[in-house]
Amino acid sequence: MNEQQDRDKGILKDRLGDYRVDPPAHVWASISARLGRGSRRKMILISLSVAATIALAVLLGINFLQWDPFGPMETARTERGSGIEDGGSPGDRYTPTGTPASPEPASPEPASPEPADRPGAVAGPQEAAAHVEASVDLAEKAGIRPEDVGIRTEEAVALSDEAGARTDEPGAPSEHLARAEKSETDESIEGTILIAQEELQLDVPSGSEQENRDPRWIVGAALSPIYSYRDAEEQLLAVSSDYERGIISYAGGIHVSYRTGERLAIESGVLFNKMGIAISAPGVQVFKQSFDFAPLRDETGSSNILAVSNSMGNIVSQSGDIYVNSYKANQFYELNSSAVADEVYADQGIRQNFDYLELPFNVRYSVIKRDLEVQLVGGMSTNFLLNSNVTMPTTEGNLEIGYLTNLKTVNYSGNAGVGMIYHLQEHFSLRLEPRFRYFLNSINDQTLPVTRPFTFGIYTGLNYRF
Amino acid sequence: MAEKLEILLEECKRGRPRSQEALYKRFASAMYGLCLQYASSEEDAQDIMQDGFIKVFSKLDQVNNPAAFPGWIRRVMINTALEKYRSQVFLQRVDDIREEMNEETVDGIYDSLTSGELVGLIQTLSPKYRLVFNLYAVEGYSHQEISKELGITVGTSKSNLSRARAILQKKIKKSYGSAIAR
């Protein structure tokens, strides 16, 4: 028998070892096209990467340049402090560059009998007029009527006009200055400035000032129950959908986001996702012993590696006692007549679990900015497969019966969701965020049909802004 | 000849399309014949051929010795075929169960068949039998090596080979019965 087999082997090797057939011409055409496409794709990927990097650098650069941690209000406060409240010399105040102004033109009389120690003193008529107008504007912004604090608009305008008329008279400022100093409204003006500025700083900053003062970074943690299932090719769904169903599991992790504008923010983080599907009975039968349906055993006495293809991969059973009816298990023979389905496990079904580490990159856009902020969320995630196993519920808990093969270790998914952020106080907020995630590539390698898992979760968590 | 192949390989490593085509033409018929042995159909064989040559051109840097190239390219094609059918090694055709029962082996049954006829019959086997049969009978793999390649046990490899032979003999007798001297 062995001699015959060896002889057959020799004949087959001779006949088939150098078996040649010319392939159709279109085979090379396809290969050639794929080779060309490959290099083009590589170029496109490189170009996209460069473009994305440049865009990100520009975006961050713009934000960095615009970001003034003290903001305009802080600058105003500094100006005020260096001048009026500090009792500095009048010439130090209200100069555009912040450097001391040029001394007044020579005059027989001092511009002011008490130049340095009068808090209400101002540098000159133009400055005084501008000062009055600014204070009126600030007061109006603050919702304070000028009349309430002793400023009469007419006076301010008259003072402004008069200052404008005297612009070309180099010797006259002292007269106007004296008048300004004697004005009863002057101290009220300064008081108004202080009140208005305090009001503005504390309660009603303008839009750009508010933006610069708001915290830009948000870190937080979120947890969600998730429903996970899969989408697959139509012919595969026709076979497997009767027995497969989605499962409820969980996901959670930390996230960090950076606000790039008034409404736009970018977000990343690290999330753990427990996903999977369930195969229900009668799709699954479990037998008491592996050799119940593997009569031909290897040297160890049992067939200890059995695998079942289903829509999510190949289940490799460690114990060899599982049989999935609808997917044609790998038993090579019909069941032994003595095979006995385990009464305990026969109706339980099995569950395939996939653990993924998700690294998201999302863009968040605030459509409503109030105490309850509403954001649209979209982006992509890279998902790294951490672990896969197959479990079966038993009376003693979940029994791990195998693992999955032919799974890709890196997958990409698209994310979309609606974020609802409730601001508890200045730094803390609560997050409630329904989010949908769909795998962009097949979870399986190319030996199995295309299957794309998806998840839906409602993430809740706490955010901290700074 | 060896020198020419060396130059051709160097040119292919640089991505020259003309050299790639020349290399393809040199090995195309042998590799397509190999793909036909492992495939279920001509369409599958063409798919394997395409995927295999893409791998060849993308991994050509691994070849340092031109003399080893013919063996290497054959190995790449076989691996590509195994990848395509590996998952199906575990599937069972109902037809196979019926056909594999109690077949007697016949001496010298392959003698009267041409290579093309043999390949045509091998293609009709289910993947789990076809892969084991080709790896063992044509490539000369041991059952130990086959078990590692396909992720099956040595016992399974042996039984698959035995069943493959039995099914082939039955098909040969059925198709070419009158031409075979018993």
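Student: Which residues of α7(B) are buried?
Tutor: This is a predicted model, and in it α7(B) is mostly covered, with 12 of its 12 residues buried. A residue counts as buried if 20 or more other C-beta atoms lie within 10 Å of its own. The buried residues of α7(B) are B:Pro127, B:Lys128, B:Tyr129, B:Arg130, B:Leu131, B:Val132, B:Phe133, B:Asn134, B:Leu135, B:Tyr136, B:Ala137 and B:Val138.

Student: How many Å apart are the end C-alpha atoms of helix α7 of chain B?
Tutor: Helix α7 of chain B covers residues 127–138, and at 1.5 Å a residue its 12 residues should span 16 Å.

Student: Which residue just after α7(B) takes a positive phi, and of about what value?
Tutor: The place to look is just after the helix, at B:Gly140. The phi of B:Gly140 is positive, at about 80°.

Student: How is α7(B) oriented relative to α9(B)?
Tutor: Two packed helices are described by the angle between their axes and the distance between the axes. For α7(B) and helix α9 of chain B, which spans residues 154–176, the axes are 8 Å apart and the packing angle is about 100°. Because angles of 65 to 115 degrees count as roughly perpendicular, α7(B) is, relative to α9(B), roughly perpendicular.

Student: Which residues make that contact, and how many of them are nonpolar, polar and charged?
Tutor: From α7(B) the contact draws on B:Lys128, B:Tyr129, B:Val132, B:Phe133 and B:Tyr136, while α9(B) supplies B:Ser157, B:Asn160, B:Leu161, B:Arg163, B:Ala164 and B:Ile167. Sorted by class, the contact of α7(B) with α9(B) comes to 7 nonpolar, 2 polar and 2 charged residues.

Student: What percentage of the residues in chain B is buried?
Tutor: Chain B has 9 helices and 0 strands, and among its contacts with a separation of 6 or more, residues 24 or more positions apart account for 69%. Of the 182 residues in chain B, the buried share is 40%.

Student: Turning to chain A, is A:Gly269 buried or partly exposed?
Tutor: A:Gly269 lies in strand β3 of chain A, residues 264–279, and touches A:Gly253, A:Ile254, A:His255, A:Val256 and A:Pro360, leaving aside residues up to four places away in sequence. Within 10 Å it has 19 other C-beta atoms, whereas a buried residue needs 20 or more. A:Gly269 is therefore partly exposed.

Conventions:
Residues numbered from 1 in each chain as written. Chains lettered and ligands numbered in written order. Predicted model: local features only at pLDDT ≥ 70, side-chain atom pairs only at ≥ 80, totals over all residues. Helix = DSSP H or I, 4+ residues; strand = E, 2+ residues; numbered from the N terminus. Contact = placed C-beta atoms within 7 Å. Expected span 1.5 Å × (residues − 1). Axes fitted to C-alpha atoms, helices over the stretch in contact; angles between N-to-C directions. Parallel < 35°, antiparallel > 145°, perpendicular 65-115°, else oblique. Nonpolar A, V, L, I, M, F, W, Y, C, P; charged D, E, K, R; others polar.
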